[in-house]
Amino acid sequence: MDKENPPPATRSHPRHHAVPPYLLVSMAACDGVWEAPEAMREFIAPPVAPEDRDLPGAPGQSAGSDFETRSRIATRARQTLLLDQALLHERATTHADIARLMDPTGRLARIISDAQGAESTPGNPVRAEGESPIQDLDVNRAYDGLGAVYEFLADMFKRSSLDGSGLVLRGTVHYGQYYDNAFWDGTQMVMGDGDGEVFNSFTSSLSVIAHELGHGLLQYTTNLDYQGQSGALNESIADVMGALVEQFVAGQDAASASWLIGEGLFTDAVHGVALRSMAAPGTAYDDPILGKDPQPATMAGYLDTTEDNGGVHLNSGIPNHAFYLFATALGGNAWETAGSLWFNVIATRALPQDADFGIFAEQTLLQARRDHGAGSAIELALVEAWDAVGVHPVVQEAVNE
Ligand SMILES: [Zn+2]
């Protein structure tokens, strides 16, 4: 497989002229479950999200009043609510880099590094696969979180790591000073400690860890454009991954799960329970400083905005809620029927990178027919879920496969 000669970029993102150049990577991905294409696949990294490092000073560095400090924290926190910096590529990722990240055995392999407060990755390696816990809660939570995602993919989807080929799972903790964010940088998960005023450490939420790795999974499957509805689907599928891994680890069925993303991330000072709620988008927080959770649950509340890459963290509430409705209608464990259906849609790569909600919904319905036959109760539940959030796919022909 030729990993040294990436194909040229085939698409552009004209609305993102202000962002750094896109990163083009191509690689083969080998799926274990499907008769997946072995051919080289190309993808273009989404535009880099704005960073919050240039915002006014972090708490603790300021000599200003409490109010000023508080408002700076609020500014950073609001940024965080919109920008998890998915697929942020701060450094070049070459094909040689990717090759080095592969574990030839395909087995679970983790490396946690400590950035020690610097905004650079990976930092000092502090815990490698098989090593005992160390005296650092963030390191151990990151290690366990990466392991949970690996086990989830292996158990549920017979997939070896994010890429299907044993990609070594890497995580950096203690990134930056009071850093209010977490992100997937194209090769690894990166976690800030939070400011302690609004956000706790980002390793405190397994759904956030799994969300970031969900972006990694998407990178190796359907690399949905990080803009508008396809970007909202990217965010939503990452949230689905976040929720499902958390439920999987806790052994919670769809009815008893919280369906919250980032539960435990807010400090006690914040009036809110999580970053997002899949069960009730728009209700995760309502805080004097942060404002109210702006996520719509249905197309009636769709936010037509140029902020947040076209509302990727906002309108993701709509497909999030559809998944929640579908999974809870089916009952049982959400990661089984509902989760595997979503996973099959992205992993079979039938979805175009610029898919909108209607196209995605259509693909889920087609996948439901493939998995369960036409007219199944599962397909009907899916139709009802999409209908309830105002997304109306037109499935034009039956699947003949
Ligand atoms: Zn995200």
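With a relative accessibility of 1%, A327 counts as buried, a class that covers residues under 20% relative accessible area, as against exposed over 50% and partly exposed in between, computed with a 1.4 Å probe on protein chains only. The structure is a predicted model, in which local features need pLDDT of at least 70 and side-chain atom pairs count only at pLDDT 80 or more, while totals for chains, interfaces and linings use all residues. Residues are numbered from 1 along each chain as its sequence is written, and side-chain values use heavy atoms, with hydrogens and water left out.

A327 lies in helix α7, residues 317–330; helices (H or I, at least four residues) and strands (E, at least two) are DSSP runs numbered from the N terminus. Leaving aside residues up to four places away in sequence, A327 touches A254, W259, A334 and A338, where contact means heavy atoms within 4.5 Å.

An open sheet of mixed pairing is formed by 5 strands in the order β4-β3-β5-β7-β6, with two strands taken to pair if DSSP finds at least two bridges between them. Because β4 and β6 (182–184) stand at the edges with a single partner strand each, one side of each is left without a neighbour in the sheet. From one strand to the next, the twist averages 20°.

Strand β3 (residues 110–114) has 4 of its 5 residues buried. It runs parallel to strand β5 (residues 169–175), to which 5 bridges join it, and D114 stands opposite V173 in β5. With strand β4 (residues 124–128), β3 pairs in the antiparallel sense over 4 bridges, and R127 in β4 is the bridge partner of I112.

The pairing of β6 with strand β7 (residues 189–192) is also antiparallel and comprises 3 bridges, with F183 standing opposite V190 in β7. Helix α4 (residues 206–219) packs on the sheet, where it touches β6 and β7, and its direction makes about 20° with that of β6; axes are lines fitted to C-alpha atoms, for helices over the stretch in contact, and angles run from 0 to 180 degrees between N-to-C directions.

Helix α5 (residues 228–250) comprises 23 residues and reaches 33 Å from its first C-alpha to its last, close to the 33 Å expected at 1.5 Å times one less than its number of residues. This helix is mostly covered, as 19 of its 23 residues are buried, and just after α5, G251 takes a positive phi of about 65°.
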